[in-house]
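My notes follow as numbered points, so please have the display open as you read.

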Amino acid sequence: MKVDGVLESIPEGIVVDGAVVVPWVGECRRCLTELEGSLTTELREVFEVRPTEGDTWPLHGDELDLAPMLRDTVLLALPLAPLCSQDCLGPAPELFPTVAGTEAEAEPIRDPRWSALDQLRPD
């Protein structure tokens, strides 16, 4: 993570103004390919001795803890459902089949953990 910013003193506290660059790793929401990227987000936050819940951050004496503010800022800026490309079609059907057998007998593959429930079916 790289933080580039300026601290500005104001009568009520300190203003942090700058940008943060952070690498991220995730999976494509369609094909589950591992993705890597870099996120750059701007920040302008106020630290006060008496912070307003949800608006400003706490200032403890002459020390300020940037970690919670940076964590929240980065988490809100991360992509929620990244794609490897806009034309991603998803998983290859031959690698990840969803049915067993031919089309005529297309029966979904059953999860063996549910086999105890088969006894509850009426004949």
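**Notes on the model**

1. Let me begin after strand β6 (107-108), in the segment where leucine 120 is found. Strands here are DSSP runs of E with at least two residues, numbered from the N terminus. Leucine 120 is exposed, at a relative accessible area of 66%; exposed means over 50%, buried under 20%, and partly exposed in between (1.4 Å probe, protein chains only). Together with Trp114 and Leu117, Leu120 makes a nonpolar surface patch of about 370 Å². Such patches take residues with over 30% relative accessible area and no salt bridge, nonpolar side chains being joined within 5 Å, and the areas come from the Shrake-Rupley method with a 1.4 Å probe.

2. A word on the ground rules. This is a predicted model, in which local features need pLDDT of at least 70 and side-chain atom pairs count only at pLDDT 80 or more, while totals for chains, interfaces and linings use all residues. Residues are numbered from 1 along each chain as its sequence is written, and side-chain values use heavy atoms, leaving out hydrogens and water.

3. Now the hairpin. Strands β2 (residues 13-27) and β3 (residues 34-48) are antiparallel and pair over 15 bridges; pairing requires at least two bridges found by DSSP. Between β2 and β3 lie 6 residues, and leucine 32 in this turn has a positive phi of about 65°.

4. Strand β4 (residues 57-58) runs parallel to β3, joined by 2 bridges.

5. How many salt bridges does the structure hold? There is 1, counting a side-chain nitrogen of Lys or Arg within 4 Å of a carboxyl oxygen of Asp or Glu. Aspartate 17 and arginine 44 form it, with 3.1 Å from N to O. The pair connects distant parts of the chain, strands β2 and β3, with 27 residues of separation. Aspartate 17 is partly exposed at 34% relative accessibility, whereas arginine 44 is exposed at 52%.

6. Finally, the cysteines. The structure holds 0 disulfides, the cut-off being a pair of cysteine sulfur atoms within 2.5 Å. For cysteine 28, the nearest cysteine sulfur belongs to cysteine 31, 3.7 Å away; cysteine 28 is buried, at 1% relative accessibility. For cysteine 84, the nearest is that of cysteine 88, at 3.6 Å, and cysteine 84 is partly exposed at 37%.

Conventions:
Helices (H or I, at least four residues) and strands (E, at least two) are DSSP runs, numbered from the N terminus. Patches are made of residues with over 30% relative accessible area and no salt bridge: like charges are joined within 9 Å, nonpolar side chains (Val, Leu, Ile, Met, Phe, Trp, Tyr) within 5 Å.
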